[in-house]
Each structure stands twice: as structure tokens, then as C-alpha cells.
Amino acid sequence: MSDISIINLSAYTSPIIQENKKNNFIEYGADNNYFQYLIDRYLYSATNGAIITGITNMIYGKGLDALDSNKKPNEYAQMKSIVKDSDLKKIALERKLLGMAAMQVVMEKKQVKQILHFPMHTLRAEKCNDKGQIEAWYYHNDWTKKKPSEEIKRIPAFGFGNGNEVELYVLKPYVSGFDYYSPIDYSGSLPYALLEETIADYQINDCQNGFSGTKIINFNNGIPDEEQREKTKRDVLNKLTGAKGEKVIIAFNNNAESKTTVDDLPLNDAPAHYEYLSKECFDKLIVGHRVTSPMLLGIRTGDGGLGNNADEIKTATLLFDNIVIKPYQLEIIDALDEILAVNNISLKLYFKTIQPLEFIDTEGMNTQTKEEETGIKMSAENNIELDDFLASKGEILSENWVCVDETEVDYDSEEELDLEINNLNKKSILSKLVKFATSVGSRPNAKSEQDKEIDGFKFITRYSYTGNQNPEREFCQKMMSASNNGRVYRKEDLENVNTNVVNPGFGHKGQNYNCFLYKGGPRCHHKFLRKTFVNMEGVKIDVSNPNSKTISVAKAEKYGYRIRNEKEVAMMPNDMPLKGFHPNNKNLPKDV
């Protein structure tokens, strides 16, 4: 009689999702630890791990952006302060790896303050209410160590909190028959990840044990009790085997005649057999993850070089992006839209792609589609309303109008207009500067409250746009171009322009704002310069007199012509105390 211990390898089974009357949460897996099983397959299967990492990188791409970030800078700035790139990448990884992902939504006064990643493997679903809704999730850092009497933390699901606590938004795509947990989308290929690990372990053990055959040690002096057998076994193994695997069979026999015998089961062509198994694992994992070509993972198959597969890579990339990557991205974006809507933030979000630009055919696409497909900010489409304003309101003065002063506006006074006429002999002073001569042509200009005729001479004030010569915003680009071409503007037109039309989205909460004071909006690096002109119709400048070329603003004031504006007119919004933002909205975007 012999006593032989046999170890059976468990076959793969789908996770068990079951209710336990003693608990308020739903267990996931036979040992309530299925998420860890998936993590192990990610860590120890080379192919499975590479595919999941590659898909995660494609989902996240170069990060989150918005098509309308320039039109809604305040909302975009809030979104960027609420959602961090590092958290988004973790969310993308767990959504692919675990089939689910959790976002920690930090609420304060019923507003979203932060959206953070929350480790999904630490959560278990609460039992559904009578409407089939999961109202909360239970947290434990290690469910395998949870004691029956231990209290676990309950965290409300998104929408079920009181507006002043942490809530959890769990990305859980619908799968028929799964109410609490969503299975991974590569579940059919998961056994091959385990098989790949097993093959690797066997081959490593075989190498570490010197490719030696199995040894049998027989004890022929009777069968001791179980405790003694285990002790003897441990002693023998400690002396004869390494740390990796058991290559020894220990048998306890009543006598030599009844000793255990082992027949060899030789594996013919073992190298070819393992090569076949490895390829089978690879192929099944590729299919399970819906990878259209191994080249997407940087794996070259066959004898052809990379150049020979260029068309295959391009086609496979576009197909894979549309049928696999974008559905993941849209799922995450839909979740973010739902959360950000609490703060009245509505943006056209998208993930910037990491695809090579040469793979993307942008012909026939509009500006927004090009940006979404390539991740590159395109020039804004023509703003017809802005073009109309620049053409209809801007003036190009005739040669009759001579600029007698160009300066920043008066910081010390907020008076819009202060005309002072003193008792100086204005004409005698002016006569020193000019000589009367034949008239040249003139064109009429729109009247402004800052225009004044004094003693027969016409003075006007107009404004030009100045500052950063390479602006990004369309409004600033076109204003700078118009000013560089000699176009000037009346104060009234700048104050009364509908900025929701010519520069949409740059006011507080999208409201209209005073363009004269706040230029291109928050963080703008531009300002207006005041230019004083005098009409020289019928007057010729005496070029031999250096003093006749320029009339200073001080001398113009002696003629009774003074203009005072708000100090903000000559300030760049970026230099203002709140960077040009409304006092109620101090979330500042990056410099523009």
C-alpha cells in the first residue's frame, strides 16, 4: 500500500457574483477577490499586460482637451482645475483592465470641487434598491483580510450624497445579466493569459533545476502518520530541491515490494509543443482584445520589415481607433460631462490622439473635426461678425489728420471726457507751428463725444490695439492686424460692441463685457493706446520747423482739449488685479 499526494490544477471559471444575507455588499468572485485575479493576469502574462498597457495609452492619448476651449475659457479653466491628467490615465487603465473604473467626486455646497481616481479593486457594490439602483459602494483596502465583525466604510454613489461629501461615480458598462459588476471585454481570452503564465513558470523551473528528470525517494519501513510524513517531506525537500517547484516525488511504502513506481510519459518534440502553445496564447489574446494588428503593439510578425507593413499599420490603426479606442473615450467623456454639468460646465471634450498625423486624412473635415481627429488646435473659422465690426467701425484717417500724440490713457482720472477751455491765445500758439497753405482732400469721419473743434481746429481721439504681436485668440489677431494697417476706433464703438458676437465666450459666464476696458478677455496681453489727431485741412506743416511735426498732448490741452478714461483702458487684462476676470470667477486659465 502506498500513500501518494496529488495536486490538481484548477480550471478557469467565470467570476461568481453572489449576495450574502450577512452583508450589505455584493461579493465578486468565489473568494470575493476577483479584481485581484485580473490584476495578476495583467502582471504575469507578458502578452496580456502589453495589450492592456498599449490600449490604455491609446485611450488616454495626450490627455483631455476641449474643442471650444477658446470660446469658453472660464469653463475650460474650471474643468482643468477639477480633473487632473494623472487621474484620467489611472481611470483609463482600470476601465480596460478591470472592466470598470471609479471616480471620486469631491462635493462642496452641491458643487464639484475635484474628480479623482479611486481604486476599483477596493470597492464592492451595495445591494440595489427597489428601483434597481446602486446607492452606495463599500470600501476596504484588502478584502481578503476583512474580519466578519469589522465595520467598513460606506461611500454614496454619485447623485445619492448630500452635496457636501465624497461621492463615487463608477464606470460600469451595461452587460446583460450583470447588475452589480461588469465583466471584462476580453474574458474569453483570459484563460490563455493564465496558460501563458503557466508555460513560463514551467520553463523557468525546468531551467533552474538543470533540466533534470523527476526523482523518486522511497521509504520502505512502513507508513508513518500524516504529521510525520509532512515533516519528513519538508526535510528532504529542503536538502534536495531549489526554491522553484518540486522535482521530487516522495512515497511512503510498507515494504520494498510495494514501493511506488513511476512510468515516464515522454513529450516528443517538446520545443515545438511549447512554441505552439505560446503562439496559441498570443493569437487568442490578440483576438480577445480585438487588436486589429500586432504591429499596433510594436510586435512584428513574419519576415517583412516595418516599411513593408506601412499600409497594414495605417489601416489597422484607423480601424482599431474607431471600433475599440473611441468607445472607451466616449464612455469616459460622457461620465465627465454628467459630473461637470453639476457646475454648469458644458464643453466639447475629446482625448488628443497619439496616432501619427500621417495616418489621418483631414481632407474635407471642418476645423472642429480636424482638431478632434489630430489633437492639434486649428485656427478658428472666420468670424463674420468680427470681420464686419473691424471693417465698419474702424477708420483709416486721411492725410489731413495728423497724429499729435500717442500715449497711454490717464491713470489718475476716470472721467470719460473733460473739455477745458482756458484763456490762452490758442490760435497764436498754433500759428507758431503751422503755415496756412492750399487745401488737400479730406474724408468725413464718424462723430465721437471725444471730438472737439476749438478756434477753427478739429481735434479727435481714436484708439489703436497694441501688445503681444503673436496672439492666439482670433479677436486679438484681427484687432492687431487692423491696427498695424492703420485702422483706429472710436471709444463708443469699442464700448458698445457685442462681445458675445465678435469675441464669444470670454465674458464672465459667457456674458457680454466692455471690450474698451477688458480687450480680448481674461489673461489678454493687449491694451488700447490713445491717439490724438488734429485736422490740417487747408494747413501745411512747416517741415523746416522741428516743433511743427508733433503737437504734444500738453499743448493740445492748452487748446482746451483733454480726454480722461478709466485706467483699465491702458492696462493689459493680464496685468489687472484679477487678470481681467470677473470678481465672481477667479479660476484662471493659463496665459494666452
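The legends below describe close-up views of a predicted model.

**View 1. Confidence across the predicted model.** The protein has a mean pLDDT of 75, with 64% of its residues at 70 or more. Residues 5-11 have pLDDT under 50, and the model gives them 0 contacts beyond four places in sequence. Residues 411-445 also have a pLDDT below 50, but this stretch has 88 contacts in the model beyond near neighbours in sequence. Where pLDDT is low, the predicted coordinates should not be read in detail.

**View 2. Packing of helix H1 on helix H2.** Helix H2 covers residues 46-60, and its axis lies 5 Å from that of H1 at an angle of about 100°. H1 is therefore roughly perpendicular to H2, as angles of 65 to 115 degrees are classed that way. H1 contributes Arg41, Tyr42 and Tyr44 to the contact, while H2 contributes Ala46, Asn48, Gly49, Ile52 and Thr53. By class, the residues in the contact of H1 with H2 are 4 nonpolar, 3 polar and 1 charged.

**View 3. Packing of helix H1 on helix H4.** H1 (residues 34-44) meets H4 (residues 85-98) at an angle of about 100°, and the two axes are 10 Å apart. This angle makes H1 roughly perpendicular to H4. On the H1 side the contact involves Phe35, Leu38, Ile39 and Tyr42; on the H4 side, Leu93, Leu97 and Leu98. The contact of H1 with H4 consists of 7 nonpolar residues, with no polar and no charged ones.

**View 4. Burial of helix H3.** Pro73, Asn74, Tyr76, Ala77, Gln78, Met79 and Ile82 are the buried residues of H3.

**View 5. The sheet formed by S6, S5 and S10.** Three strands in the order S6-S5-S10 make up an open sheet with antiparallel pairing. S6 (111-118) and S10 (166-171) are the edge strands; each has a single partner strand, so one side of each lacks a neighbour in the sheet. From one strand to the next, the twist averages 25°.

**View 6. Pairing of S5 with S10, and helix H4 across the sheet.** S5 (residues 101-108) and S10 run antiparallel and are joined by 6 bridges. Val106 has Val166 in S10 as its bridge partner. Helix H4 lies across S5, S6 and S10, and runs at about 50° to S6.

How values were computed. Residues numbered from 1 in each chain as written. Predicted model: local features only at pLDDT ≥ 70, side-chain atom pairs only at ≥ 80, totals over all residues. Heavy atoms only, no water. Axes fitted to C-alpha atoms, helices over the stretch in contact; angles between N-to-C directions. Helix = DSSP H or I, 4+ residues; strand = E, 2+ residues; numbered from the N terminus. Parallel < 35°, antiparallel > 145°, perpendicular 65-115°, else oblique. Contact = heavy atoms within 4.5 Å. Nonpolar A, V, L, I, M, F, W, Y, C, P; charged D, E, K, R; others polar. pLDDT = per-residue confidence, 0-100. Buried < 20%, exposed > 50% of the residue type's maximum accessible area, 1.4 Å probe, protein only. Pairing = 2+ DSSP bridges.
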